[in-house]
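Good morning, and thank you for coming. I would like to walk you through one structure, beginning with the whole chain and ending with its aromatic rings.

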Amino acid sequence: MAKLTIKFNDVVIDQIVLKQGDMNIGRRPGNDIILDNMAVSGTHASIFTIGEDSFVQDLNSTNGTLVNDKRISKHHLADGDVVTIGNHSLTYINEKAVKAAPDLAKTVILSAPKQEDLAAAAKPAAKASDTPKQASIFILSGANNGKRIDITQAVTNLGRGGKRAGAISRNGHRYILVPGDDGEKLLLNGVKIGRNGEDLKNGDMIEIGDARMQFYLK
């Protein structure tokens with residue numbers, strides 16, 4: 001379970017357990033983590049946690065957000081990282097945190113050619129009366145590490161280097177991972193998916209070659 005130890009002028013003032021999803025940090029009431037100091041913007045930064053991975057992102061704050069004394073816009077947190085916001089320091093504690101591997105190949109979301117073919121390969125659509133939930137992909141390794149991509153199209157292709165390794169088909173409230181046509185290895189939670197695809201659940205891990213991403217459903 002990930003935690004933040006919060007210090008003000010080197011004095012520990014609180015310890016916060018990070019919940020799954022977004023937590024905003026700022027000076028104003030209503031933030032999940034309130035830092036009452038004029039050096040902190042009203043809504044200064046956010047921490048997004050999914051599984052054992054946490055990411056901190058600056059929200060265009062006035063004074064910026066630092067991790068280990070370096071200014072960042074977005075950062076994949078590792079155990080022991082120190083986030084500095086104004087006169088506050090927030091130490092990230094999570095021995096199970098997965099370290100990013102910078103040498104992994106870039107993972108990209110491609111355009112969606114042949115959408116009809118991919119949709120046909122998926123399982124039957126849900127009832128029209130179902131209300132879709134919002135789904136996202138959170139990239140956990142590679143050049144796009146820390147990027148979150150919302151799934152809004154009927155078919156979202158997954159791949160890299162111009163190749164389509166698979167796709168996520170949205171049918172009502174269901175999101176289905178189906179294989180692509182380039183022969184690249186596509187795994188769901190460590191298992192190769194079948195020809196007809198597999199329903200995705202919140203927290204599922206998708207691997208394309210040596211790159212990985214996590215499915216988030218809210």
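**From the whole chain to its rings**

Of the 218 residues in the protein chain, 44% count as buried, where buried means under 20% relative accessible area, exposed over 50%, and partly exposed in between, with a 1.4 Å probe and protein chains only. Please note that this is a predicted model: local features need pLDDT of at least 70, side-chain atom pairs count only at pLDDT 80 or more, and totals for chains, interfaces and linings use all residues. Residues are numbered from 1 along each chain as its sequence is written, and side-chain values use heavy atoms, with hydrogens and water left out.

The protein chain has one helix and 22 strands; these are DSSP runs numbered from the N terminus, helices being H or I with at least four residues and strands being E with at least two.

Let us turn to the interior. In soluble globular proteins, nonpolar side chains tend to be buried together. A nonpolar core is a set of buried Ala, Val, Leu, Ile, Met, Phe, Trp, Tyr and Cys residues joined through side-chain atoms within 4.5 Å. The largest one here has 20 residues, and Ile 33, Leu 35, Ile 85 and Leu 90 have the most contacts inside it. Strands E1, E3, E5, E10 and E11 each give two or more residues to this core. Apart from it lies another core, of 19 residues, including Ile 149 and Leu 188.

Which residues does Ile 85 touch, leaving aside those up to four places away in sequence? They are Ile 25, Leu 35, Val 40, His 44, Ala 45, Thr 65 and Leu 90, a contact being heavy atoms within 4.5 Å.

Now to the rings. The whole structure contains four aromatic pairs; rings of Phe, Tyr and Trp (its six-membered ring) pair if their centres lie within 6.5 Å, and planes under 30 degrees apart count as stacked, over 60 as edge-to-face and the rest as tilted. Why is the pair of Phe 48 and Phe 138 called stacked? The ring centres are 4.3 Å apart and the planes lie at 20°, so the pair is stacked. Phe 48 belongs to strand E5 and Phe 138 to strand E13, 90 residues apart, and both are buried.

By contrast, Tyr 175 and Phe 215 form a tilted pair, 5.7 Å centre to centre with 55° between the planes. Tyr 175 is buried at 2% relative accessible area, and Phe 215 is buried at 0%.
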